Amino acid sequence: TLLDGGQRVASMQDFVRGKRLHAEVVEVLKKWSLEPNTEPPTGDAERATPDDDALFTNKTVGRTTDLVLSLALCQRSEHARGLVTATTSAALRYLGFDRAYAIRWIRGLDRCWIRQKADLTPRGILSTQVQLTPEERQLFEAALATGDGQFLVPGDQGEGLLTILGSDAALIVPVNPSFHVPTLMLLDRAVSGAPLDPRRDRSQAKALASVSSLLQENLLLKRQRARVTKFALTDPLTRLANRGVGIVTLRQEIARSNRAGEPLAVLMMDLDKFKALNDQFGHLVGDQALRTAAEVLRKNTRKMDTVCRYGGEEFVVILPGTQLEDASVTATRIQAAIEVAGDELGLPLTVSIGVAAYKRGEDNVESLLSRADRALYASKERGRNRFSVDCEEVVRK
C-alpha cells in the first residue's frame, strides 16, 4: 500500500490495474499507428519548454490517450453523423479548440456545405451553403491533395467561409480525403481569441482526423458487409428469404418445437399455370406476378413467420406456434388475396397450396416438406386455386 503523510493512497491491486490499463491504451494507439512516448515522466517534465509540449510527449500523452479511447468507443456507431459529432466534440474537449465545423465539399466547386458544428453554445446549425473565395478553394484543394491541415485567413473582399463564421484564423483538415465527397473539419479559437499553433495544432488535428477517417471507413465496410450478407440470404427478385434460409429456419423451428412442445405448420404453394402466363404476357409481366405474390405473402403473414421463395414460382411459409386449423385459415386468406391481386393486375393469377403440420418424433425437414409438397400436388390435381392438407384430406374444393 502506498502512503502519503500516513494516508492510504493506493493498493498494489490499484497499481497493477493502472499498469494494465496503460498497456492496453498503448496497444490501441499502436494499432492506429500512433506512437506515444511511454517513458515514465521525470522531474524535468514540469520544466519542459514549449517546444517539448508536442502531441506525443509525456505532458500530453494522457490527453491524447483519452481522445483516442473516446473515439474508439464510437466504432460501433451505425451512423456517420454520430462519428462526426464525436470527432468535432473531441476537438473541443481534448485539443483546446473553441469551435469545430464539419464541412462537405465536392472537388471543383466554389461552394461548400456546413453540415455540423460543435462549440461552447447549445445551439445547433442547419446545413448551410457557403461561397468560397479563390484562396479558400485553393487551400481546400491543398488539404485534400496532401492530407495535411491548412491555415485559413479571411480574404480582403469581406466574403468567404471565415467571414461568414466570424473567424480571424482557422485550421482546415481533411477527414476522409479519398471519398468522392470528402468531409473537412474547420477548427478555430474565435471565442477565446487564443492563437493557433502552426505545428502543434496541425499535428493534433491531423491525428484526430486520421482516427475519424478510420472509423468512417470501418462504418462503410460494416455496411457493405451487411449488404453482401443480405443479398446472399435474399432472393433478388422478390426480396424474400431464399431457399437456403428457409431450410435453415425450418430446421431451427423443428428443434424449438421439440423442446417446447409447440405446434408447427408449413405451407408450400405454387402459382397456377405460371409458364402459360409467362408465354402469353412475357417474362417481365411474369416477374411482376412473382413480386405481387411475394407482397401478398408479406402482408398476410406474421413477423414471426418466415416466407421464402423456394424455387421458380414456388414459395414456402413456415408458421411456428400454429395449429393445422389456423394454418388452414392462413392458407385461405393467402389464396383469396393472390386472386384479388391478380384481378387488379389484369392477370389470371391464382395459387395452389399444400398444408402440413409437424409430427413430433416422426418428421424431419425433408419429410415435412415432402408431405406439404404432396398436399400441393393434390390441390393441383383437384383443379388448382385451392389448398389441401397432408394430401389426404381436401379442406377446400
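Are Trp105 and Phe140 buried or exposed? In this predicted model, both residues are buried. They form the 1 aromatic pair that the structure holds. The ring centres of Trp105 and Phe140 are 5.4 Å apart and the ring planes stand at 90 degrees; planes over 60 degrees apart count as edge-to-face, so the pair is edge-to-face. Trp105 belongs to the loop between β3 (99–104) and β4 (111–118), whereas Phe140 is part of helix α4 (residues 134–146), so the pair ties together parts that lie 35 residues apart in sequence.

Two arginine side chains are placed over aromatic rings. The charged end of Arg189 sits over the ring of Phe97, at 4.6 Å from the ring centre. Arg243 lies over the face of Tyr310, and here the distance to the ring centre is 4.0 Å.

An open sheet is built from 5 strands in the order β10-β11-β9-β12-β13, and its pairing is mixed. The edges are taken by β10 (306–311) and β13 (387–389); each has a single partner strand, so one side of each is left without a neighbour in the sheet. On average, neighbouring strands are turned by 20 degrees against each other, direction ignored. Strands β10 and β11 (residues 314–320) run antiparallel and are joined by 5 bridges. Within β11, Ile318 is the bridge partner of Thr306.

Two helices accompany this sheet. Helix α10 (residues 324–345) packs on the sheet and touches β9 (264–271), β11, β12 (351–357) and β13. The direction of α10 makes about 170 degrees with that of β12. Helix α11 (residues 365–381) lies across β9, β10, β11, β12 and β13, and runs at about 145 degrees to β12.

Terms used: Residues are numbered from 1 along each chain as its sequence is written. This is a predicted model: local features need pLDDT of at least 70, side-chain atom pairs count only at pLDDT 80 or more; totals for chains, interfaces and linings use all residues. Side-chain values use heavy atoms; hydrogens and water are left out. Two strands pair if DSSP finds at least two bridges between them. Helices (H or I, at least four residues) and strands (E, at least two) are DSSP runs, numbered from the N terminus. Axes are lines fitted to C-alpha atoms, for helices over the stretch in contact, and angles run from 0 to 180 degrees between N-to-C directions. Contact means heavy atoms within 4.5 Å. Rings of Phe, Tyr and Trp (its six-membered ring) pair if their centres lie within 6.5 Å; planes under 30 degrees apart count as stacked, over 60 as edge-to-face and the rest as tilted. Buried means under 20% relative accessible area, exposed over 50%, partly exposed in between (1.4 Å probe, protein chains only). A charge sits over a ring if NZ of Lys or CZ of Arg is within 6 Å of the ring centre and within 35 degrees of the ring normal.
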